[in-house]
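Dear colleague,

Please find below the structure that I am handing over to you. My notes on what was found in it follow directly after.

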Amino acid sequence: MEINLSAQVGGKTLSIRSGKMAKQASGAVQVQYGDTIVLVTAVAAHDERSNDFVPLTVEYQEKIYAAGRIPGNYFRREIGRPSEKETLTARLIDRPMRPLFPKQWRYETQVIATVLSMDQENDPDVLAVVGASAALTISDIHFAGPIACVRVGRVEGQLIANPTLEQIQASDINLIVAGSKTGVVMVEGGSQVVSEADMLEAIFFGHTAMQPLIDIQEKLREALGKPKRAFTPPSKDEALVAQLEGLARDRMRQTLVIPQKVERASAMRALKAEILASLGEGYADRRAEVNEILGDIQKKASRQMILKEGRRIDGRKFDEIRPITCEVALLPRPHGSALFTRGETQVLGVLTLGSGQDEQRVETLSGEEMRPFMLHYNFPPYSVGEVKRLGPSRRDIGHGGLSTRALESVLPDREKFDYTIRIVSEVLESNGSSSMGTVCAGTLAMMDGGVPIKAPVSGIAMGLVKEGDQVVILSDILGDEDHTGDMDFKVTGTRDGVTALQMDIKIHELPKEIMQQALEQARRGRLHILDKMLEALAEPRVDISVYAPKIIIIKIHPDKIRDIIGPGGKVIRAIQSETNTRIEIEDSGLVKIAATNETEGRAAMEQIQAITMEPEEGAIYEGKVVKTTDFGAFVQLAPGTDGLVHISQLANRRVAKVTDVVKEGDIVRVKVLEVSQDGRVRLSLKAALEEEANQGAQENNPPERD
């Protein structure tokens, strides 16, 4: 049976259709908003896997045909690695969904969202999240939904649900909010330095706006929902649990308070191995079960320390920030560098500046985009003492995306600083929130490199432990606190407001009061971090690195562009080769010269100015005689710009023959008598000699003073 249900979001209709496409999937829906359509399917295998985590895979794919275009690559098809947008959207779908599966769910589950149509007005990412929830809700897969998702923008102080792409460009808030009927489960987005109160208002505006989408999913489940498959979570061996608690609880409590991460992890591994060995050979084939129970005991002990003893693993207060050290100018050749260390998390930020030709070109459903700011986050395995293959993971791309949003709003205007900016974050050590360390290191690296940012940005990761009515919010969480806690809430901002937010929770929802408290505690924490950063470098350096390219900008008449380029690009290639520069020309006549040093940049500029020179009447120029005739001499003032000196203008006497005064190749000084409307230039050697002679006489005989 086919069914189509709709609801109003942001003054427009969002519809969910099911029963027409992909009917062999466990659940399949089409979500449409405007002319943007996303097909989302959910399928779960029928055989269990022996995982110790929920085996959920989420894929999001943008088909270029959805925008009515053919892919621009050599093969003319969608191939290779997912784009950054596809990776970030897949994570966006995964994060609110994963906590809603049963903890013991061991059936391989795959959600695939495919963009079928894109109207260049409505972004498909939030539709994919709604579709994933709807597909899982009507399937036979156990899922504690439905949830919904909307984007929130704010234009001229007015909050908007699911703004258009054009409205997003004008918004000072761009948030994606996912939630259930009773609370928020995920937040992702950025803002143009907005207060915590305004961000909170935007989040819960989004929560209200999404409620009709939850309602139609419940109606869809009533109409098409399949019975959930038989699934009984495996019961624990209570006798074994009790035995392990007796063996491990007290000793695990002692191990947890070891302050250093590596030593604590080593001691915990040794303790678990010792306990397993003490059980005897009869438990050798139950190793996974024993480790799972010991993991639960460790998590419970860590939470009890916080809730009942009022202390953290490393002995800090709940709102206390770990020790911070900041250094700048560590690397001599990159254009800016900074080392940010907070506790056992350490990030090296490296800045490189480039010209417009270094901008990243990205093919999207909305067309080709040029990105003058890039931030690349690297998380090498040695940062956590592991051995793994190198290469950016989905997590790395996600952390880079968050850090990019955190810093974009404080970048200088292109009119003031016309450089392509690339920041690379090298995580050297990690024990909690390397993404926030990336924001801090990236800020300092830009300041060290002389990038005139509007304001410095710092970031902090917040945690939560909640049981019943007891709630504890933790500032600057450790990796273990993230693992055993109920929330990971990252906040970045300047002294005046927030630039980016990211929140994931492991419980089903988070009420407004707790989020408000977390935002205020985060504000105090990030201001403390910002003060520590500014002790290392209070403001951006006045000058950029001597090794950074020098950008020179000049304006020419658009009609002269063809003269600079020359036939087949011959002229511009010659200038770039001779001066070791890169030259970009815009249709408006704006010319940008990127050079490795000032001398080479000036040389290229002088050549361009000579080619595009427009003679001014009354001005004197030095030129070369390129041709003589019976009636006068042609003088080249600049490449492509010649003028005629009539025979009568060669000297203060009658000239019988032009070559009696000048010959081809002579360098002469001439005065411009006239520039006609058709561009012809009339010159005078005689007038130039007279004017310069008069100036010399005045200098030798200055007027007498009274």
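Is Lys592 buried or exposed? Lys592 is buried, because its relative accessible area is 14% (buried means under 20% relative accessible area, exposed over 50%, and partly exposed in between, with a 1.4 Å probe and protein chains only).

Please note that this is a predicted model, in which local features need pLDDT of at least 70 and side-chain atom pairs count only at pLDDT 80 or more, while totals for chains, interfaces and linings use all residues. Residues are numbered from 1 along each chain as its sequence is written, and side-chain values use heavy atoms, with hydrogens and water left out.

Salt bridges

Side chains of opposite charge can pair when their charged atoms come close. A search of the whole structure finds 50 salt bridges (a side-chain nitrogen of Lys or Arg within 4 Å of a carboxyl oxygen of Asp or Glu).

Lys592 takes part in a salt bridge with Asp418, and their closest N and O atoms are 2.8 Å apart. Asp418 lies in the loop between helix H9 (394-408) and strand S17 (420-429), and Lys592 lies in strand S24 (residues 590-595), so the pair ties together parts that are 174 residues apart in sequence. Helices (H or I, at least four residues) and strands (E, at least two) are DSSP runs, numbered from the N terminus. Asp418 also counts as buried, at 9% relative accessibility.

A salt bridge also joins Arg154 to Asp172, with 2.8 Å between the closest N and O atoms. Arg154 belongs to strand S7 and Asp172 to the loop between helix H3 (165-169) and S9, so this pair ties together parts that are 18 residues apart in sequence. Arg154 counts as buried at 13% relative accessibility, whereas Asp172, at 24%, counts as partly exposed.

In the salt bridge between Arg361 and Glu368, the closest N and O atoms are 2.7 Å apart. Arg361 and Glu368 are both exposed.

The open sheet

An open sheet is formed by 8 strands in the order S8-S7-S9-S10-S21-S20-S18-S19, with antiparallel pairing (two strands pair if DSSP finds at least two bridges between them). Its edge strands, each pairing on one side only, are strand S8 (158-161) and strand S19 (470-475). From one strand to the next, the twist averages 15° (axes are lines fitted to C-alpha atoms, for helices over the stretch in contact, and angles run from 0 to 180 degrees between N-to-C directions).

Strand S9 (residues 173-179) pairs with strand S10 (residues 184-194) in the antiparallel sense over 7 bridges. Opposite Ile176 stands Glu188 in S10. Helix H2 (residues 125-138) lies across strand S7 (148-155) and S9, at about 155° to S7. Helix H5 (residues 211-224) also lies across S7 and S9, and runs at about 160° to S7.

Strand S18 (residues 458-467) is largely enclosed by the rest of the structure, because 8 of its 10 residues are buried. S18 is joined by 7 bridges to strand S20 (residues 487-493), and the two run antiparallel; Gly463 stands opposite Asp488 in S20. S18 also pairs with S19 in the antiparallel sense, over 6 bridges, and the bridge partner of Glu467 in S19 is Gln470. S18 and S19 form a hairpin with 2 residues between them, and Gly468 in the turn has a positive phi of about 65°.

The barrel

A barrel is closed by 5 strands in the order S25-S26-S27-S29-S28, with mixed pairing. Here the twist averages 50° from one strand to the next. Strand S27 (residues 641-646) and strand S29 (residues 681-684) pair in the parallel sense over 2 bridges, and Val645 stands opposite Leu683 in S29.

Tyr621 is found in strand S25 (residues 620-628) and is buried, with a relative accessible area of 17%.

Yours sincerely

Terms used: Contact means heavy atoms within 4.5 Å.
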